[in-house]
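I opened a new notebook page for this structure. The entries follow the order in which I looked things up.

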Amino acid sequence: MAGPHIELKDVYRTVSRRQGTDSASSAVLKGVDLTVYRGELITIMGPSGAGKSTLLRLINRLSEADSGVIRVNGRDVRDYDPRELRRRVGMVFQIPVVFKGSVRDNIAFGKRLWDTGADVDALAGEAAIPRELMDEDAAHLSVGEKQRVCIARALANKPEVLLLDEPTSSLDRAAAEKVEQLLVRLQSEHGLTMLWVTHEQAQARRISGYNYVLEDGQLCREHG
Ligand code: ADP
């Protein structure tokens, strides 16, 4: 489809922060603009608490903008059935959360929900999950293996977009490298659009030429 895949125009979001018994509202996003084309991978960096997770969560409507417009495929996210939006726009978090049951059950979760016809064994292969782990209890896996299960589970929904919220930050170096390479390969093989939050500038530069920084509520393109 021609035109941007993801578009944010003048997006504002205020959150209430609690400190002891006090609570106050403060704007985290103050007029964010962003355009991402189909098949692009962009990175978002910025200080802790800058609103990076908040920004990602607006795109699949895990939370709502106060004002501004967010479009996926040219269509306002508020005009989608939220479940359909979340099937198209998958998310992978910093800490992988697996559901009760085997690795196979976990990967098949979206397939059962959506009847996408995804081939669970093929997805496991794509996410480099060894065949002998398929019937293991997912709770017993290493953190890196769990993250690969979460990625395979996200792919089972046949998404167009993946929102990645520091997907390698909770992993040791070897596992982080493996997951980074896996995501980059999946992005090019599946033509996925990816918005990847990272705190590591070296990672951002390795994986993308489109690097942004979120600071003081504004998203700016990083040059150089
Ligand atoms: P980042 O991902 O850049 O570290 P976040 O988006 O997680 O930042 O958080 C931005 C700010 O908004 C933080 O100060 C956080 O405490 C606050 N915040 C985020 N979500 C909520 C919420 N649902 N309720 C209250 N405060 C929130």
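This is a predicted model: local features need pLDDT of at least 70, side-chain atom pairs count only at pLDDT 80 or more; totals for chains, interfaces and linings use all residues.

Entry 1, a cross-strand pair. I began with Leu-8, which stands opposite Ile-70 in β4. The strands concerned, β1 and β4 (residues 67-72), pair in the antiparallel sense over five bridges. For the names I used DSSP runs numbered from the N terminus, with helices as H or I of at least four residues and strands as E of at least two. Two strands count as paired if DSSP finds at least two bridges between them.

Residues are numbered from 1 along each chain as its sequence is written, and side-chain values use heavy atoms, with hydrogens and water left out.

I placed Val-36 in strand β2. Is Val-36 buried or exposed? Val-36 is buried, with a relative accessible area of 0%. Here buried means under 20% relative accessible area, exposed over 50%, and partly exposed in between, with a 1.4 Å probe and protein chains only. I also checked Val-36 against Ser-26: they are 10 residues apart in sequence and 27 Å apart in space, C-alpha to C-alpha.

I looked next at β3 (residues 41-45) and its partners. Four bridges join β3 to β9 (residues 210-215), and these two run parallel. Another four bridges join β3 to β8 (residues 193-197), also parallel. Ile-42 stands opposite Leu-195 in β8, and Met-45 has Val-213 in β9 as its bridge partner. As for cover, five of the five residues of β3 are buried. In a regular strand the side chains alternate between the two faces of the sheet. In β3, Leu-41, Thr-43 and Met-45 point one way, Ile-42 and Ile-44 the other.

β9 pairs with β10 (residues 218-221) in the antiparallel sense over four bridges. Val-213 has Cys-220 in β10 as its bridge partner. The two strands form a hairpin with two residues between them, and Asp-216 in the turn has a positive phi of about 50°.

Which residues are around the ligand? I listed Val-15, Ser-16, Arg-17, Val-28, Pro-47, Ser-48, Gly-49, Ala-50, Gly-51, Lys-52, Ser-53 and Thr-54, taking a residue as near if one of its heavy atoms lies within 4 Å. A polar side-chain atom of Thr-54 lies 2.5 Å from a ligand oxygen, and one of Lys-52 lies 2.8 Å from a ligand oxygen. A polar backbone atom of Ala-50 is 3.1 Å from an oxygen atom of the ligand. Taken alone the ligand exposes 560 Å², of which the protein buries 59%; the areas come from the Shrake-Rupley method with a 1.4 Å probe. β1 (6-19) and α1 (52-59) are the elements that give two or more residues to the shell.

Entry 8, helix α1. Six of the eight residues of α1 are buried. Lys-52 and Thr-54 are among them, as are Leu-55, Leu-56, Leu-58 and Ile-59. Just after α1, Arg-61 takes a positive phi of about 60°.

I found Asn-73 in the loop between β4 and β5, and at 13% relative accessibility it counts as buried. Its side chain makes a polar contact with the side chain of Arg-38 at 2.8 Å and another with the side chain of Glu-160 at 3.0 Å. A polar contact is a pair of N or O atoms within 3.5 Å; within protein, one must be able to donate a hydrogen and the other to accept it, and residues adjacent in sequence count only if both atoms are side-chain atoms.
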